[in-house]
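This report describes the sheet and the nonpolar cores of one protein model. Please look at the sequence and the structure before reading on.

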Amino acid sequence: MALKRVYKAAALNEDVGSNPSAPVPPFQSTLSESSSSPNAPPQDHKNGSLRQTKRMKRLLASDPAAAERMDYRRRLGLARRDDDIPTALQLFADVQARDIDIGSEGFNALIALLTTFERLEDADKVLTHMRRKQFSLTEATYVCMMRALALGGRQPEAAEDLLREMLAGGLRPRLRSYSPIIVGYAEQGKLENAFALYDKMLAQDIEPTETELVALLRVCSGEGGGNVEVDNFYRTLADLQDLVLEPGEGAWEAVAGWFEKRRERGDWAVGHDQAAKSGGRGKDRKAALAQTPSPEMSVRRGVVVDEAGVCSGCGTVLESIQLSSEAANELMTKVEELVLADRAREAEWARFKAWLRGPGGGGRAPEFDTVIDGANVGYFQMNYAQAPPHVNYEQISWVVEHFVGMGKKPLLVLHARHVDSRRVPPGYIALVQKWRERQLLLVVPYRNNDDWFWLFATVFKGGRTLLVTNDEMRDHHFQMLSQRTFLRWKERHQVHFSFGGYEKGGGRSVLIQVPAVYSKCIQGPGSGKAAGGREDENWHLPSAGDDKWLCVQVRREGATRAQSDGGMTEKS
Ligand SMILES: [Zn+2]
């Protein structure tokens, strides 16, 4: 066994042709682990090459069969790199005829190549050969086959058979294992299969993305030949609302298309039976609402929303939707978890939390309603050639005084190294001292990340507390927060800033961009007030690229208004 591993390593790293440094694609990874799109083409991880050691050369000379296996794997790797199907098929024919063991990875690579070019029949032959010879299939190979079958081959049922086989074999499924089959079913109008598989995926705790949700919404409007479906439409729309902050064009068309299709058919009774049977809560209630006789409906694409939050299409006032206290607590818990991953920070963090409780809670924190990320303000546009190594204390001061001037109560968060009297340039020691005396300053202890302190303080304070920073918070450590919660929170609280011209007092004017009075997210009934107090069903979908909205309005005078946000959010 040890011998085999040596050869495998050699095969993966062997020099190619006349160029001694050209890498050979390794077989290991037929799909990138980090591939974000479940439908992206398979990719190789490219390794650098290693020279053959004398020991390997000796081994090769003494074991011609191993040398041949290695050579086949190498040539297959090259064929895959060059998308050379004829050569790959010729190699496979030899492998079959002479029963050469190119290993699971060799076969997996072959399948990845063939399915990329939708050579389903050929890929299936490799699969059959692998099974006969009892080579194990990887999750990535299953994904290649399932994707080719479900999407290119339009055989989602066959793909789902493979998925079942994969699960039975104990391989862990991922989004990419389900996604192509759900989309494949949806494209063919096979609504029941699509949703049954979607439910299985959710049961595995796998979160869908916009791709699957849009496919499911589309199949609900009868695209692909099915019926217009009510229950599943509203349920999927609620999932979209929950998971996607700014939907793309595909989602707009799927939602608009569904309402238009219903209007076109005048068929509002679809789904009535299910809705009646299952009582009157949540999505069922919405479904029941949807079959009220002949409502008036408008679908408007590309409307705008003014500064007061009024939709130019229907006059609805969009709302500011804050995180529920539950979601906010969850966010704080996660931040705390990340901070306390290093137990050495425990005591300081506990002190910070006690301080944060303020006079009302036995802590010493002053009242504040605006948290300033001091380092971000202090380093803003400070990356020019002769910039000083320290933060720009004047910029920080301008921003602090700007908010004081607005009647706000700022809390300036700065890391200890920026306010340590041994480090602050002499000219600014007095300024820093003033901040301390005015109780504006929260000093982040050494060995701590100031990001967590300003973030936690702002979430803790809740309400309409503002966070002043141009940091888009996309770093890896922010990525560890639940994005559906964090992005919603950020949209409501972040204030961007820049500086204008110099003013009489010597400082520069501060320009700020505060969050809109309404949330830029999908707003449905229960999260928007219709003009004139009508009980309407309004849907507003923002767009990812610009400030345009999709506005859908269903007027049903006298109908009971449905709630739609699943407890994630609350009105502020
Ligand atoms: Zn509207």
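Thr370 stands opposite Pro410 in strand S5. The model is predicted, with pLDDT of at least 70 needed for local features and 80 or more for side-chain atom pairs to count, while totals for chains, interfaces and linings use all residues. Residues are numbered from 1 along each chain as its sequence is written, and side-chain values use heavy atoms, leaving out hydrogens and water.

Strands and helices here are DSSP runs numbered from the N terminus (strands E, at least two residues; helices H or I, at least four). Strand S4 covers residues 370–373 and strand S5 covers residues 410–415; the two run parallel and are joined by 4 bridges. Strand S7 (residues 466–468) also runs parallel to S4, with 3 bridges between them. Within S7, Val468 is the bridge partner of Ile372. Both faces of S4 are covered, with Thr370 and Ile372 buried on one side and Val371 and Asp373 buried on the other. Buried means under 20% relative accessible area, with a 1.4 Å probe and protein chains only.

## The open sheet

S4 belongs to an open sheet of 6 strands with mixed pairing, in the order S6-S5-S4-S7-S8-S9. Two strands count as paired if DSSP finds at least two bridges between them. Strands S6 (441–444) and S9 (508–513) are at the edges, and each has a single partner strand, so one side of each has no neighbour in the sheet. On average, neighbouring strands are turned by 30° against each other, direction ignored.

Helix H22 (residues 450–461) packs on this sheet and touches S4, S5, S6 and S7, its direction making about 160° with that of S5. Such angles run from 0 to 180 degrees between N-to-C directions, using lines fitted to C-alpha atoms, for helices over the stretch in contact.

## Nonpolar cores

A nonpolar core is a set of buried Ala, Val, Leu, Ile, Met, Phe, Trp, Tyr and Cys residues joined through side-chain atoms within 4.5 Å. The largest has 78 residues, and Met146, Phe233 and Phe259 have the most contacts inside it. Helix H7 (residues 139–152) gives the most to this core, with 8 residues.

A second, separate core of 33 residues includes Leu323, Leu340, Leu411 and Val444. Beyond its neighbours within four places in sequence, Met146 is in contact (heavy atoms within 4.5 Å) with residues including Ala159, Leu162 and Ile181.

Notes:
Buried means under 20% relative accessible area, exposed over 50%, partly exposed in between (1.4 Å probe, protein chains only).
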